[in-house]
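Me: I would like to go through the terms used for this structure and see what backs each one. Please set the values against the cut-offs.

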Amino acid sequence: MEEGSVFRSLLAILQWWGFNVTVIIMNKWIFQKLDFKFPLSVSCVHFICSSIGAYIVIKVLKLKPLIVVEPEDRWRRIFPMSFVFCINIVLGNVSLRYIPVSFMQTIKSFTPATTVVLQWLVWRKYFDWRIWASLVPIVGGILLTSVTELSFNMFGFCAALFGCLATSTKTILAESLLHGYKFDSINTVYYMAPFATMILGIPALLLEGNGILSWFDAHPSPWSALIIIFSSGVLAFCLNFSIFYVIHSTTAVTFNVAGNLKVAVAVMVSWLIFRNPISYMNAVGCGITLVGCTFYGYVRHKLSQQQQPGTPRTPRTPRNKMELLPLVNNDKLEGKV
């Protein structure tokens, strides 16, 4: 590999890590330090900022070509995806309010297992035994981490776990609803974030409106806090752009390994900032999970290389059966905000 290519890949990974970890830490800071305990509203701010950002990138700056979607498909295909997309982001923010970043990030690593199980149960899809074997350390690590978590909160744990299910559902729905469309992270946000804002806006206003007004009156410097909240929304959109950059600058294997190391970086940085207690066995469980995710990604990659050469493909036909499997790092599929 050329030196310039290596440098470009390294730069892409570092800026992706930077945006991802910063967004996670800022969200936790908003809930814990700013005492802004309104996850629906934080999610709504992210959706609004991402909608505006995607519009500027595609329509104004024209840095990305718009993938045209027929108006009928926007409601028949994009809207159901946006609904699950919205639930996924909200559950992630809800879990951040109640449990440490380290625990939440570890639980998110459970997504490959939930996706495989859902596809097997609902769609009766066949998976190679090596895929099932690679899920064992992921499940084992999650169990060990959950049992030994010193700051365990059942509500936050359930929110993170159902967030994994929402991510898996979105991945599976994308297979059937988005046939013929090859979305990147920016176009995903362009179409889904406005729908998500529409879906979440009224519930956020009804459920959290009065609480936000009370918080605004009681907080010593509400305007500074609001700047931080909206800044997290801007950075959340920048994260989507960084995902697009890193996907096009690295190989699938590098992306997988970097995604798992990103979780380790987020766990370490969050511990340095918030000092949440982590037991030895809890750290071991997190490590086992990340190793399991890396192994799963390796198995997925090796199986994808075993496809029969010369098989004809159409825009509606996956390259191989392994394309239908979830990525360990869900950023590639999520268009995260």
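Me: What should I know about the source first?
Reply: This is a predicted model, in which local features need pLDDT of at least 70 and side-chain atom pairs count only at pLDDT 80 or more, while totals for chains, interfaces and linings use all residues. Residues are numbered from 1 along each chain as its sequence is written, and side-chain values use heavy atoms, with hydrogens and water left out.

Me: How many helices and strands does the protein have?
Reply: There are 12 helices and zero strands. Helices (H or I, at least four residues) and strands (E, at least two) are DSSP runs, numbered from the N terminus.

Me: Why is H2 called oblique to H9?
Reply: Helix H2 (residues 39–60) and helix H9 (residues 222–247) pack at about 50°, with axes 8 Å apart. Axes are lines fitted to C-alpha atoms, for helices over the stretch in contact, and angles run from 0 to 180 degrees between N-to-C directions. Under 35 degrees counts as roughly parallel, over 145 as roughly antiparallel, 65 to 115 as roughly perpendicular, and the rest as oblique. The angle of about 50° therefore makes H2 oblique to H9.

Me: Which residues of H2 and H9 meet?
Reply: On H2, they include Val45, His46, Cys49 and Val57; on H9, they include Ile229, Phe230, Phe237 and Phe241. Contact means heavy atoms within 4.5 Å. By class, this contact has 10 nonpolar, six polar and no charged residues. Ala, Val, Leu, Ile, Met, Phe, Trp, Tyr, Cys and Pro count as nonpolar, Asp, Glu, Lys and Arg as charged, and the others, Gly among them, as polar.

Me: Why are H4 and H7 called roughly parallel?
Reply: The axes of helix H4 (residues 101–108) and helix H7 (residues 154–177) cross at roughly 30° and come within 9 Å. H4 and H7 are therefore roughly parallel to each other. Phe103, Ile107 and Lys108 of H4 make the contact with Phe157, Ala160, Leu161 and Cys164 of H7. Six of these residues are nonpolar, none polar and one charged.

Me: What makes H4 largely enclosed by the rest of the structure?
Reply: Seven of its eight residues are buried, so H4 is largely enclosed. Buried means under 20% relative accessible area, exposed over 50%, partly exposed in between (1.4 Å probe, protein chains only). The buried residues of H4 are Val101, Ser102, Phe103, Met104, Gln105, Thr106 and Ile107.

Me: Which residues have the most contacts inside the largest nonpolar core?
Reply: They are Phe36, Ile107 and Ile131, in a core of 38 residues. A nonpolar core is a set of buried Ala, Val, Leu, Ile, Met, Phe, Trp, Tyr and Cys residues joined through side-chain atoms within 4.5 Å. Helix H1 (residues 3–32) gives the largest share of this core, five residues. Apart from it lies another core of 33 residues, including Ile58 and Phe85.

Me: Is Asn187 buried or exposed?
Reply: Its relative accessible area is 0%, so Asn187 is buried. Asn187 is found in helix H8 (residues 185–218). Leaving aside neighbours within four places in sequence, Asn187 is in contact with Ile58, Lys64, Pro65, Leu66 and Ile67.

Me: Why does Thr254 count as partly exposed?
Reply: The relative accessibility of Thr254 is 34%, so it counts as partly exposed. Thr254 is in helix H10 (residues 252–274). The C-alpha atoms of Thr254 and Ile13 are separated by 9.2 Å, though the two are 241 residues apart along the chain.
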